[in-house]
Amino acid sequence: MRSWSPYALLVVAAIALDQWIKHLVEMGLPFQEKLDLVPFLALFRTYNTGIAFSMFSSFGDTGLIIISLAVVAFVLILATRIAPSQILARTGFALIVGGALGNLIDRAVYGHVIDYILFHTPVWSFAVFNLADAFISVGAALVVVDELIGWRREPRPSDAKSSKAKLSKD
């Protein structure tokens, strides 16, 4: 079995980078004032009292912390059930855990999550998010890609029959 050490280090690095950037945002970016970087991307510090697009904000800090811990535990259980060769999925699970823990730290310390990335056009804007959210999204995508790759490599029942037929003819 391959070591989990690189993935644990990725979790720690994701949390550290997320928390460091959030610290810089808190110290240097005015609250709810848009700072355009390029025409479609801005920094915009705001606070999210819920989970993903402010859902479940009525659960309160304790409820959201419990939900976050349950999600992290579930992801860790899933991660332990995959093959060591599934490097993309293991990387994805590490990013999900790192991002979830980064946001969990915010919620436990501040009572909200610090968000600061805003994609927008003159007439539309996406929800404000942070690096931890990006880690979670990229991690989930990696897990899905790994599953699709694995699914494509699995022999189909018709392929298995034709392989057996070829072997019996030889």
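What is the handedness of the crossing of H2 and H3? The crossing of these two helices, H2 and H3, is left-handed, and it belongs to a predicted model.

- The axes of helix H2, which spans residues 60–80, and of H3 come within 10 Å and cross at roughly 165°.
- Because angles over 145 degrees count as roughly antiparallel, this crossing makes H2 roughly antiparallel to H3.
- On the H2 side, the residues that make the contact include Leu64, Ile65, Leu69, Val72 and Leu76, while on the H3 side they include Phe93, Ile96, Val97, Leu101 and Leu104.
- Sorted by class, the contact of H2 with H3 has 15 nonpolar residues, together with 1 polar and 2 charged residues; Asp61 of H2 and Arg107 of H3 are also among the residues in this contact.

**The sheet**

- Three strands form an open sheet in the order S1-S2-S3, and their pairing is antiparallel.
- Strand S1 (35–38) and strand S3 (113–119) are the edge strands, each of which pairs on one side only.
- On average, and with direction ignored, neighbouring strands of this sheet are turned by 35° against each other.
- In general, the strands of a sheet pair through backbone hydrogen bonds, and the pairing may be either parallel or antiparallel.
- S1 is joined by 3 bridges to strand S2, residues 41–48, and the two run antiparallel; in this pairing, Val38 stands opposite Leu41 in S2.
- S2 is in turn joined to S3 by 6 bridges, again with the strands running antiparallel, and here Leu43 stands opposite Ile117 in S3.

**Helices across the sheet**

- Helix H1, made of residues 5–28, lies across S2 and S3 and runs at about 85° to S3.
- Helix H3, made of residues 87–110, also lies across S2 and S3, but runs at about 130° to S3.
- Strand S3 is mostly covered, with 6 of its 7 residues buried.

**A buried residue in a loop**

- Where is Gln86 placed? Gln86 sits in the loop between H2 and H3.
- Gln86 has a relative accessible area of 18%, and because buried means under 20%, Gln86 is counted as buried.
- When residues up to four places away in sequence are left out of the count, Gln86 touches Asp146 and Glu147.

Key: Residues are numbered from 1 along each chain as its sequence is written. This is a predicted model: local features need pLDDT of at least 70, side-chain atom pairs count only at pLDDT 80 or more; totals for chains, interfaces and linings use all residues. Side-chain values use heavy atoms; hydrogens and water are left out. Two strands pair if DSSP finds at least two bridges between them. Helices (H or I, at least four residues) and strands (E, at least two) are DSSP runs, numbered from the N terminus. Axes are lines fitted to C-alpha atoms, for helices over the stretch in contact, and angles run from 0 to 180 degrees between N-to-C directions. Contact means heavy atoms within 4.5 Å. Angles under 35 degrees count as roughly parallel, over 145 as roughly antiparallel, 65 to 115 as roughly perpendicular and the rest as oblique. A crossing is left-handed if the near helix is turned anticlockwise from the far one by less than a right angle, and right-handed if clockwise. Ala, Val, Leu, Ile, Met, Phe, Trp, Tyr, Cys and Pro count as nonpolar, Asp, Glu, Lys and Arg as charged, and the others, Gly among them, as polar. Buried means under 20% relative accessible area, exposed over 50%, partly exposed in between (1.4 Å probe, protein chains only).
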